[in-house]
Amino acid sequence: MKRLIFGIILILIPFIVTYLNPISAPSSIHSLGEFYLKDSLTSVRSPEVVTSILWDYRGLDTIFETAVFFLAIMGGLAIFRELKLKYPSWEEFPLPVKVVTKVTAVLIVTVAASLALHGQLTPGGGFQGGSTLAVAPLLVIGAVSLASLRKIGITLERAVLVRILGLTGIVILALIPLTFGGYAVQNQPYFPSEFLGTLLGGSLLWYNIFEFLAVGAGFTAVFLILAVAGGGRND
């Protein structure tokens, strides 16, 4: 019954968006948007502006994102394919291994958070931060066990829940400008641009945070499923 209701909702959404038009087009566009609309056809020779931006104007960034996603999945598969551990339980691991694993996991989480929170100021962002974050549970699963993640509260159900919260946050952010007379996904002037002299990029900071959660939790959920399918140790 739940799947039927979910399927009906998915079918109705395109009709609602198409015929009821709840998201009206902006009355004017920024000069940058006007540039892309005009230049895409003349320079890229494509009327599809979104694809032009993804694979031409910012093609290098798209390639790096694709490479990150590919390497993350391949790394996970390589680790879980033939997971053979020398020590039967975490208690029997040598102390240096335990310390290095814990310190490395903390450093990974710190770097991931930094990438996401400074994404509006330096190279990085929510996707890169989330992808980096997922390396921490991958390390714990590969070096220790699935049970170690569960002991600190990281389960498949919670990973999926955090991913849903992240995606919900992105949708809410995109719709907030509509309530003030703006258009969907509009940034300024509806979000704070600066705090204590530090540029926030308006909605960019919040998009990065929610994407960080969605991507990090999504990859973690995939790794948890792969670990179970690959027979990862569960002690």
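## A tour of the salt bridges, core and surface patch

The count of salt bridges comes to three, a salt bridge being a side-chain nitrogen of Lys or Arg within 4 Å of a carboxyl oxygen of Asp or Glu. The model is predicted, so local features need pLDDT of at least 70 and side-chain atom pairs count only at pLDDT 80 or more, while totals for chains, interfaces and linings use all residues. Residues are numbered from 1 along each chain as its sequence is written, and side-chain values use heavy atoms, with hydrogens and water left out.

**Stop 1: Glu34 and Lys38.** Select these two residues in helix α2 (residues 31-44); helices here are DSSP runs (H or I, at least four residues), and they are numbered from the N terminus. Glu34 and Lys38 form a salt bridge, with 2.9 Å between the closest N and O atoms. Because they are four residues apart in the helix, about one helical turn separates them. Are the two partners buried or exposed? Glu34 is partly exposed at 34% relative accessibility, and Lys38 is exposed at 54%. The classes are buried (under 20% relative accessible area), exposed (over 50%) and partly exposed (in between), with a 1.4 Å probe and protein chains only.

**Stop 2: Arg58.** Arg58 forms a salt bridge with Asp61, where the closest N and O atoms are 3.0 Å apart. Arg58 also meets Glu65 in a salt bridge, at 3.4 Å from N to O. Shared partners join Arg58, Asp61 and Glu65 into one network. Arg58 has a relative accessibility of 28% and counts as partly exposed. Asp61 is partly exposed at 33%, and Glu65 is partly exposed at 23%.

**Stop 3: Asp39.** Go back to helix α2 and select Asp39. Not counting residues up to four places away in sequence, Asp39 touches Val44 and Tyr57, where contact means heavy atoms within 4.5 Å.

**Stop 4: Gly216.** Select Gly216 in helix α10. Gly216 counts as buried, at 0% relative accessibility. Leaving aside neighbours within four places in sequence, Gly216 is in contact with Gly130, Leu133, Ala134 and Glu211.

**Stop 5: the largest nonpolar core.** Select Ile141, Leu146, Leu149, Phe219, Phe223 and Leu224, which touch the most other members among the 15 residues of this core. Two or more core residues come from each of α7 (135-143), α8 (146-151) and α10 (203-229). The most come from α10, which gives five. Such a core is a set of buried Ala, Val, Leu, Ile, Met, Phe, Trp, Tyr and Cys residues joined through side-chain atoms within 4.5 Å.

**Stop 6: a nonpolar surface patch.** Select Met1, Leu4, Ile5, Phe6, Ile8, Ile9, Leu10, Leu12 and Ile13, which together have about 910 Å² of accessible area, computed by the Shrake-Rupley method with a 1.4 Å probe and only the protein chains shown as cover for residues. Patches are made of residues with over 30% relative accessible area and no salt bridge, with like charges joined within 9 Å and nonpolar side chains (Val, Leu, Ile, Met, Phe, Trp, Tyr) within 5 Å. One of the patch members, Leu12, lies in helix α1 (residues 2-20). Leu12 is partly exposed, at 44% relative accessibility.
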